[in-house]
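I opened this entry to keep track of what I looked up, one topic at a time. The structure comes first, and my notes come after it.

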Amino acid sequence: MAKVISTLFISADGVAEIDPDWHFPYFDENMGRAVGEDYDTADVMLIGRETYDSFAGAWPDREAAGGEDAVFAKQLGDMRKVVVSRQQLEFTWRNSELIKGDLVDAVTALKADAGSKGILIPGSISVVQQLLAAGLVDELRLLVHPVAARKGRRLFDDGDTPYHFQVTATEAFPTGVIRVIYAPTAAPEKVGYADVTDQVPAGS
């Protein structure tokens with residue numbers, strides 16, 4: 001079964017709607033490597049309409065220009081791109097298709113496709129939120145920037161049920177960016193203060 005992996009640039013206060021002013025100063029070769037590793041896990045890109053419009057408006061031209069980022073641009077162009085939108089779209093980027101039917105049903109089918117290497121969701125906050133709620137995200141890969149953005153859309157919105165994760169990998173970059181890979185896990189056993197009093201500092 002193919003994994004669904006969400007990859008996001010995120011601020012220390014949880015804003016996942018990036019602003020170039022706080023994002024690009026921290027982008028270095030380490031972050032570039034991490035992004036490349038994330039894309040190497042998948043052959044299907046699952047994205048919302050806004051992310052699609054942003055990517056399709058930039059990467060085909062970068063591939064055609066043949067610059068330093070042309071190889072990565074070609075990798076994105078060659079991937080199957082499944083777009084989540086309530087509207088019919090005119091696709092200008094190769095290997096693009098509109099998701100058919102309900103998002104949860106469609107992603108469940110994508111995960112079950114034996115021919116799929118993996119499904120990557122770059123950005124696309126609303127898509128990630130819906131799939132987290134449905135229990136369909138297998139990994140959450142965050143590149144946490146050392147900045148409090150203080151405005152913008154956050155990854156985790158208000159809800160009644162907490163999400164619990166286990167940390168499967170961490171890496172700190174010289175820029176202060178921390179790469180954290182989470183996998184969903186069951187909630188820990190309920191514990192109250194009376195259960196941890198023996199762990200409270202005894203003082204000196």
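The notes below go from the annotated domain to the cores, then to one helix residue, the salt bridges and a surface patch.

**Ground rules.** I am working with a predicted model, in which local features need pLDDT of at least 70, side-chain atom pairs count only at pLDDT 80 or more, and totals for chains, interfaces and linings use all residues. I number residues from 1 along each chain as its sequence is written, and side-chain values use heavy atoms, with hydrogens and water left out.

I looked up the UniProt record, an unreviewed entry, which places "domain: Bacterial bifunctional deaminase-reductase C-terminal" at residues 3-178; UniProt positions are in the numbering used here, feature names are shortened, and annotations may be inferred rather than shown by experiment. I found this span to be 34% helix and 23% strand, with its end C-alpha atoms 23 Å apart. Helices (H or I, at least four residues) and strands (E, at least two) are DSSP runs, numbered from the N terminus.

**Cores.** I next asked which residues touch the most other members of the largest nonpolar core. They are Leu46, Leu131 and Leu155, in a core of 26 residues; a nonpolar core is a set of buried Ala, Val, Leu, Ile, Met, Phe, Trp, Tyr and Cys residues joined through side-chain atoms within 4.5 Å. Two or more residues each come from β1, β2 (44-48), β3 (80-84), α6, β5 (119-122), α7 and β6, and α7 gives the largest share, 5 residues. Another core, of 21 residues, lies apart from this one, and I noted Met31, Tyr39, Ala56 and Leu76 among its members. Leaving out residues up to four places away in sequence, I listed the contacts of Leu155 (heavy atoms within 4.5 Å), and they include Leu8, Ile10, Val128 and Leu142.

**Leu110.** I found Leu110 in helix α6 (residues 103-112). Is Leu110 buried or exposed? Leu110 counts as buried because its relative accessibility is 10%, where buried means under 20% relative accessible area, exposed over 50%, and partly exposed in between (1.4 Å probe, protein chains only). Beyond its neighbours within four places in sequence, Leu110 is in contact with Ala2, Arg80, Ser116 and Ile119.

**Salt bridges.** I noted 14 salt bridges in the structure, each a side-chain nitrogen of Lys or Arg within 4 Å of a carboxyl oxygen of Asp or Glu.

**Surface patch.** Last, I looked at a nonpolar surface patch of about 370 Å², made by Val191, Tyr193, Val196 and Val200. Patch residues have over 30% relative accessible area and no salt bridge, with like charges joined within 9 Å and nonpolar side chains (Val, Leu, Ile, Met, Phe, Trp, Tyr) within 5 Å; accessible areas come from the Shrake-Rupley method with a 1.4 Å probe, and for residues only the protein chains shown count as cover. Tyr193 is in the segment after β8 (178-184) and counts as exposed at 58% relative accessibility.
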